[in-house]
Amino acid sequence: MEYLGYRGLVAERLSRLGVGVGDRLRIIRDGRVFEGVLMPREALYGDKPYIVIKLDNGYNIGVRYTGREEIVVVGRRGEKRVKPPEIAQNPKLPHVTLLSTGGTIVSKIDYETGAVKPALSVPELIEWIPEIADIVYLDAREIISVFSEDITPKHWELISREIYREMKNGVNGVVVAHGTDMMAYSAAAIAFAIRNKPVPIVFVGSQRSSDRPSTDSAFNLKAALLTAAQAPFAESVIVMHGETGDTYALAHRGVKARKMHTSRRDAFQSINDKPLAIIYPDRREINVINKIIEHRSKDKEPILENRFDDRVAIVKAYPGFQPEIIDLLVDKGFHGIVLEGSGLGHVTNRAIDSIKRAVEEGVPVVMTSQCLFGRTDLYVYSTGRRLLAAGVIPGSDMLPETAYVKLSWILGSKTRDLREVAKLMTTNIVGEINPRITVSLYPRWPL
Amino acid sequence: MKLDYEELGLKVGLEIHVQLDTRHKLFCNCPTTLVKEDEEDVFIRELRPARSELGEVDPAAILEWRKRKKYEYYAPRSASCLVEADEEPPHELNREALTIALAIAKALNMDIVEEIHVMRKIVIDGSNTTGFQRTAIIALNGYLTVGGKRIGIQTLCLEEDAARKLGEDRDKIKYRLDRLGIPLVEIATAPDIHTPEEAGKVAFRIGQLVRLTGRAKRGLGTIRQDLNVSIRGGAKTEIKGVQHLYLIPLVVEYEVMRQKKLLEIRDELLRRGLKPEDVSGEIYDVSEVFKGTKSKIIRRALSRRDHGVYAIVLKGFKGILGVEVQPGRRFGSELADYARVWGGVGGLFHTDELPGYGISGEEVGKLYEYLGADPGRDAIVLVADHRDKAYEALKAVIGRVREAFKGVPEETRASQIDGTTRYMRPRPGSARMYPETDIPPVEVTGELLREAEKYVPEPPDVLMNRFIEEYGLSRSLAEAVLNDIRVDLFERLVETYRGRVQPSIIASTITNTLKMIRGEGAPIENIRDEHIEETIKLLAEGLIAKEAIPEILKYLAENPDSGAREAAEKLGLTTISLEELDRIIEEVIRENMDAIKRKPNKAFKIVMGRVMGKVRGRIDGRTVAERVKDKINNLLKT
C-alpha cells in the first residue's frame, strides 16, 4: 500500500494512525525522542523505512522505522485560510492572454509541508511580478496540464485552436507557457498551424523553477509579455534568457530554435539564422535584429490549419545503422520519415534500398543533417546522389525537429501526395528555411 | 561599567561555522580554494522572494527585495562551475564532507540523524546565486565539557558557504563565486553560556575540536562565529560574523550593555508618561528651514532634484537619542542603522547632537519653531536625501522608536571590528526552509559511520598524555599547546618533521614565540599556519638555526605576503656552512690575538662572544661553541 508517498510497514502504521501531512508526531525509540511535523515522502524513496518529519527549527530529518517505535500524534494541522490578493489592472494597456500548458510559472511554497504548488490566477501572477501590471492587461488560463516531454501532435491541435480563438477575440498578443524540453517543437508547430497571424505568439518557459528566488521565470515572463504586447512581428517565437545573466532576452523564431543546453537559462539558440529580436524587459525595449516575415496587423484574418499526422518518425544515422529500422516503420504503416543524416545529408549505402522501398510505398523521406549547422547537399557525394535517386527529399538548412513538425503538418493538414509533399517541404513557408546563411551564423570560441 | 551577569540573567548561545578542507565542494566537483587572480566570467542577476501559500514572505527576504539591488557575480574558472552559477543542478552531497561532519558529531556526543535531508534556507542578499543556502542537519542533542561544565550542543549542520562579497555600489552588490559551495559545519550550542569569558572559551573549544579532525580549513575567514545573546527582559539578538575569537567576550559584554541601556530607555519613556501611540507617523518637508545652511551634506541634498530635508518630531524624547548604548554608539545610532538599512540613506541627524555637523543653533531653533515642537521636551530627527528614500528611512525610524517602549527588539545584528554591533535586518521568520528536491536524501549507514571513525578527534586528556609521554613536552608546554587553536598544526608538524625538529621547538614556536613577538609589537594576527610550517621546514632542512625563528616570524607578521625562505634570506638568517664558520672563527682569533695571548683563560669567552655577534641565528650555538673550543685548544697547544 502507499500512504502519503510511504510504502510498506511505514505506510501501514501511518495510515492506521490516520495522520496527515502537517500533523505533529512524537516518535520514541529506546529513549530517543524525535518530535516534528509529518512530511510526505517522495515516491522514489518510498520503499526506504524512514518517516520524514520537520523539526521546529525548520529542518527535515528521516527517522528510521523499525516497528519498535512508539508514535504519538501530538497535534493536528490547523485549517489554513488563503486570502487571494486583490489587484487592479489597467484596461487601456495591450490585452495579452497567457495560456498555460502545464508546469509552474508561479509557485507558492507551503513551508509547513515543503509542497510547491502552482499558482496561475492573474492576481497571483501580478502579486509576484508587480511590473506586469505596467506592461499589459492580462488574462490567463490553463488549457492543458502535461509535462513537456509528454506533449504530442494532438496537443498542438488543441493549443493552436485556443490561440486562434484568442486572436479572433482580438487580443494584442498571446503568450504560451510551456515546458522547455519540447518547446521548440511546439513553437514550430504553431508557426505552421496558424498562418496570416495578426499578432505574435510567444512561447515562454523557465530553466530554474519558480519556487526559487533565482528563477528565470519572472524575467522571461516579463520579456514574453512585452513581446506579445508590443513586438512589430506576428510570428511564433520563443522568448527566453539571451545570456546567463538577467539582462536581455532573445526572441527566437520557433522554426529556427533549438534547446542546446540541458540546464542553462540561455539554453535556446537560433540555428542557421539570427534571433528575431533582443528584448530588454527592464527598459521596455524590443530591438528587431532580423528580417520580419509576418508583420503585426490587426486587419489580418488568421487561418487555422491545424491537423498534425502523428505517424511520423525521426531516424538518426550512425555507424552500423540497421536498414530494417526503416523497413519496420514502413511495415508498421508510418506516414513519413525524417532522417537525421551525417554531414551533408547521408546514411549508409546499405539503407538505400529500404529508403527506395519506403518512397515507392508512398512514405516521404526527408533528409536533414545531424550537424545542425549548415545546409544539406545531396549532389556532392555519390551516396547523396543515390539517395536523391531513391526519392529522398532534401531538407535544406531546416532543423531535424522542424522538418519533423513540418512533415507532420503537411501530411495532416495539406496532402499525402508525394510530389506535393516534396514541393511543400522544399518551400519556405514561415521562415523555416534560410536561403542565405552568412559567415556570422556560427558560434565561435573567443580567442 | 562592571556588569553582574548572573543578576542580569545573561544567556549566550553560539553558532560556530568552520570550513572543511575537502577535495571538492559540497555539491559539485570544484576545488575548495579561494583564487587571487584567474580568468573570470561576469554576470548580473536578480532575486525575487517566492511566496508562501499563506501569502507570507520572510521579513528578511522582503527587506532585501525592497532594496531592488542587482547582484554581479564574478565566476573564476578554476574554482566555480555551472553549479555555483546556478546553471546546473547540484550534484549529490559530498561524502567526504559528510564523513568529517559525522566524526565531529561523534566527538560532540550527538544523536546522528538516520536519514539526512538537504534543505533550502532562503537568503536573498545575493550571497547565494540560488537565493537559498543548502543546509542539512546531521546530528542533534550533544554536549561538550568546558571547564568542568556541560554545554549543550543543539545541532550540527553541514552547509554550503556563501559567495565572497567584493563590494557594493548604488545599484548592485558584487560577489565572487570561489567560496560559494565550500563545505561548512555549523555547530549550535544551547543558551547554556552565562558569562562573556565562557562564551570565548566554548567557541575556542569547538573551533579546536573541529581543527583536530585534521580536515578544517585554516586562515582568516575559515572560522566564523555568530552569537545569540539575551538578558532577562531583553530579547534574543543574533550577532553575525564575529571574525576573531578574542572579540567574542567583548561583543557579548557590549551587547549586554546595549540591552540593559535599551531597557533603561524604556523605563525612562514610561516614567515620562509617553506611549507608543504618541509617536506621530507624520513626516514633514523642512527644506525651507535650511535654505542657506552651512552644512555640506544638507546643501548637497538640496541642490539635487526631488531631494530635500525631511523630519519627524518625537514628542517628549529630548535627551533619549543621546543616550549611549554601546561605546561610541547612542540610541540615535540605532535609529540611523534603521534609516540606512530600510531607506538606503547615508544617515540621519537628531537634535540631541545639534547644533553640529554644520547645522547652526539658529537653524535648530527655527526647526523647532517651524514644526511647532518644544525645544525643552521634544527631539527631532532629520534625513536629507531623495524624497522617497527619506520617507522610507523615517518610516523605519518611527517603527524602531515605537519598539523602544517594549525595550529590546528582536534583530539580526552585524559584528564590527571594535566589538560593537549594528542593526542588519529583522530576525528571519519561520517561512524560509523547504526541501532541496534536487538532492536525494542520504541514509547514514554503518559503513559511513565506520568511515567517520578515522576523523574523530582525540579527547584533550588523551592528547595531553601523548604530548608528554611520546613527544617529551613539559607539562606546562603541553598545556600551552593544548590551549592553543593551532594544536592540530602542532600535531601535523611533529608528524612531518619528527627526528629532524624536536617537538618542544615546534610547541614553543606556536605558543611562546608568537606570544613573545606580539609583546614586541608584531601583528601576529597576520601569521598564517603556512608561515609557521614553512619556517619549521627551513629548520628541518638545516637552512636556518632555531634562533632565527622569532626574527623570521616577526618579518612574516609584517609582510604576510612573503614566504619564510624569502624572509630568512632578506634578514640574512640563512645558515652558514661549517667552512664559513671556521673562516669567521679564524678571522676573529686573528683580530683578537693580542687579547687571547694576554688572557688565555678568557680566550673562549672572548672569541665566542665576537663570533656569535656575527652568526647569531644563522647556525646552532652549540656547534659554534664546539668549533671555537677546538680552534682555541689547537691554538693554545701550539
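How many bridges join E6(A) to strand E6 of chain B, and do the strands run parallel or antiparallel? Two bridges join them, and the strands run antiparallel. The model is predicted.

**Strand pairing across the chains**
- On the chain B side, strand E6 covers residues 115-116.
- A:Gly62 has B:Glu115 in E6(B) as its bridge partner.

**The contact between chains A and B**
- Chain A brings 38 residues to the contact, and chain B brings 42.
- On chain A, strands E5 (50-54), E6 (60-64) and E9 (106-110) each supply at least two residues of the side that touches chain B.
- E6(A) gives the most to that side, with five residues.
- By class, the side of chain A that touches chain B holds 13 nonpolar, eleven polar and 14 charged residues.

**The four-stranded sheet of chain B**
- Four strands of chain B form an open sheet in the order E2-E4-E11-E10.
- Pairing within this sheet is mixed.
- Strands E2 (40-45) and E10 (164-168) of chain B stand at the edges. Each has a single partner strand, so one side of each is left without a neighbour in the sheet.
- On average, neighbouring strands of this sheet are turned by 25° against each other, direction ignored.

**The E2-E4 pair of chain B**
- E2(B) is joined by six bridges to strand E4 (residues 70-76) of chain B.
- E2(B) and E4(B) run antiparallel.
- B:Val42 has B:Tyr74 in E4(B) as its bridge partner.

Technical notes:
Residues numbered from 1 in each chain as written. Chains lettered and ligands numbered in written order. Predicted model: local features only at pLDDT ≥ 70, side-chain atom pairs only at ≥ 80, totals over all residues. Pairing = 2+ DSSP bridges. Axes fitted to C-alpha atoms, helices over the stretch in contact; angles between N-to-C directions. Contact = placed C-beta atoms within 7 Å. Nonpolar A, V, L, I, M, F, W, Y, C, P; charged D, E, K, R; others polar.
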